Amino acid sequence: MTEILEIFKAYNGTGYYCILFLAALIYLWYSETNKTTRAIVVITPLLIQLIFFIPYFYKIYNKLDAGTYYRILWLLPMTLVIAYAGCRVIGNHVRMGLAIVCVILVISGTYVYKNINITPAENAYHLPQECIDLCDMVKPAEGKERVWVAFPPSLVHFVRQYTTEIQLPFGRDNMVSTWKSYENPLYDLYCGSVMPADKLSEYGTQYNCNYFILERKMRVYGNLEDYDILKIGETDNYIVYRNKSVPLWDKVAE
Amino acid sequence: MIVSFLVLLIIMGVIPLGLGVLPALFVDRNSRSIPFIYVAGFITSLAVFQLVAVPIIIVAPFGFRIIVPLYLILTILLATAGYVLMALDIRKNGRLFKDENATGRLISREEKFEWVIFFILFGFQLIMYFRMTSFDGDDAYYVVQSLLTYETDTLYRIMPYTGLSTAIDLRHSFATVPVWIAYIAKLSGIHPTIIAHSVIGFVLLTVTYMIFYLSTGILLKKEPKRVPIMMILICVLHIFGNVSIYTNATFLLTRTWQGKSMLANIAIPAVIWLLLAIFDTEIEQKKRLGYWIVLFLINVVAAMCSTASVFLIAMLVGLSGVVLTVINKNIQILLRLMITCVPLVISGVLYLLL
């Protein structure tokens, strides 16, 4: 039950829409005369809400799709119910009523575009331009086989959204701690603050990496050139290296 | 650029409208409208895609090259049939929609002003979808899956995160939204990531608001002048609905292109709209079969959105059916609704068996 309550609290987060929804349901329970509307936008949501809190139901759902129990709450037509009740509460005082209800909704909610994950787009791909520039430096030329490139963890989400011609020795699956992914010593190296040149060469070659991208702020211990790792380009925050120990292959004709 | 735009206009506009005529012919003329036809057509087009794509995904590793022409031909044929039947209907009855001159009402200046506010708020969401980047880790799976399909013709046989080959990913392969985005990209010649992040939201947000408009029209059937007020409130609830990362509003405006968002903001609201439309006896309607057809099709589309959809939509339809059955004391309601759930049952069984 505690877990369910946690999920419910997490879903309703910082706002008061949950309280507004409950108030709207109570209002419509007493005021709605159309029995179909009552059944679909009042009684069924109440039943869903009750079922949501049943621990056995939670257990069964988790067996089907673990970690997504909050989606049961998507079945509650919160938006429709709050807007419908608000519309009816306004009555004949349209202008003033609409303004007051809007103010209540604004105060009770959270502006979606204030979300820290939302930033102005740098291009039509909606990917960091610097990542695209790096991909353009290392992506295979016409007639060449796909390449393996080790990117810093902060960029792995974006690389293959731009081109799948670049393959990654470690990806998002290595970064999510709760997922069962194989140990990856190269990823562990990239998570440190110092990059040992010998280890980078050893693991990078083991994973067939043709290129390495290192953050400019990453301190390299040892001389990369001693291991046939040559700098071939850079951007504001990253340096691009070619690992000469791993050849670039021509595409095999189909 | 112009060619791409025209292709998008055809596959996202002309074809869905033609497809939407097919179910529209089975509803009362008074209930037909452009939003109804477009939403019904959009849902039909997704359902046809799901029916074409899933078997091919399972049996053909490089099946995308089969899906593209097959689905295109099928939808063109069905849309053409829709337009032909529409022409015949107009020829026979003189009109497709209700007679506005006979039943229409005057729209007041105040109401027009409210509609302007609504369209400003709606337009604001479209602009923000295009102008702002929303980082979401799941894109490293879904958007890359679209790109892999587009670039390699393979279907769920390559790991999106790294690029290694793998056995078919059955858990995700029934959710064909990434393949659908790859299809749009292939025909329009626009990169799938651009389609997902800068193009498809215009269509998906429009469909979502059309569904809300249709539901609002039923809820406020006695006071149609209040429809724009409710639509304004719905916009505000969405724009300020980011109370947590889990809400449907957050998914609508930050993960618009993902199947999960389509579940929360298209499939579920569409089921509620259809239940309201089918069972509201206060609306004079002689023909409701079209709504049943769309409900059946949305249950096909549900599986396309995400794995959990099958269970969630079945739960919504089932519970609503029980409540409506008890209230109306008519067991036929539940039985009929169970029939519309057949696609969900098939999807669920396939998922468990495979």
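1. Contacts in chain A. Among the contacts in chain A with a separation of 6 or more, 61% are between residues 24 or more positions apart. The model is a predicted one, and the points below should be read with that in mind.

2. Dimensions of chain A. The radius of gyration of chain A is 27 Å, whereas a compact globule of 254 residues would have one near 18 Å. The C-alpha trace of chain A spans about 80 × 45 × 45 Å along its principal axes. Of the 254 residues in this chain, 37% count as buried.

3. The sheet of chain A. Chain A has 11 helices and 8 strands. An open sheet is formed by 5 strands of chain A, in the order S3-S2-S5-S8-S7, with mixed pairing. Strand S3 (166–167) and strand S7 (229–234) of chain A are at the edges; each has a single partner strand, so one side of each has no neighbour in the sheet.

4. Within the sheet. Strand S5 (residues 211–215) and strand S8 (residues 238–243) of chain A pair in the antiparallel sense, over 5 bridges. Glu215(A) has Tyr238(A) in S8(A) as its bridge partner. Strands of a sheet pair through backbone hydrogen bonds, either parallel or antiparallel.

5. A helix across the sheet. Helix H7 (residues 129–138) of chain A lies across strand S2 (147–150), S3, S5, S7 and S8 of chain A. Relative to S8(A), H7 of chain A runs at about 20°.

6. The contact between the chains. Chain A gives 65 residues to this contact and chain B gives 72 residues. On chain B, the elements that each supply at least two residues of the side touching chain A include helix H5 (109–131), strand S1 (132–134), helix H9 (192–219) and helix H14 (309–328). The side of chain B that touches chain A has 42 nonpolar, 22 polar and 8 charged residues.

7. Strand pairing between the chains. Strand S1 (residues 118–120) of chain A is joined to S1(B) by 3 bridges, and the two run antiparallel. Opposite Thr119(A) stands Thr133(B) in S1(B).

8. Helix packing in chain B. Helix H1 (residues 2–24) and helix H8 (residues 177–188) of chain B pack with their axes 8 Å apart, at an angle of about 135°. H1(B) and H8(B) are therefore oblique to each other. H1(B) makes the contact through Ser4(B), Val7(B), Leu8(B) and Ile11(B), and H8(B) through Ile184(B), Leu187(B) and Ser188(B). By class, the residues of this contact of H1(B) with H8(B) are 5 nonpolar, 2 polar and no charged.

Terms used: Residues numbered from 1 in each chain as written. Chains lettered and ligands numbered in written order. Predicted model: local features only at pLDDT ≥ 70, side-chain atom pairs only at ≥ 80, totals over all residues. Contact = placed C-beta atoms within 7 Å. Helix = DSSP H or I, 4+ residues; strand = E, 2+ residues; numbered from the N terminus. Nonpolar A, V, L, I, M, F, W, Y, C, P; charged D, E, K, R; others polar. Pairing = 2+ DSSP bridges. Axes fitted to C-alpha atoms, helices over the stretch in contact; angles between N-to-C directions. Rg over C-alpha atoms; globule rule 2.2 N^0.38 Å. Buried ≥ 20, exposed ≤ 12 C-beta atoms within 10 Å, placed from the backbone. Parallel < 35°, antiparallel > 145°, perpendicular 65-115°, else oblique.
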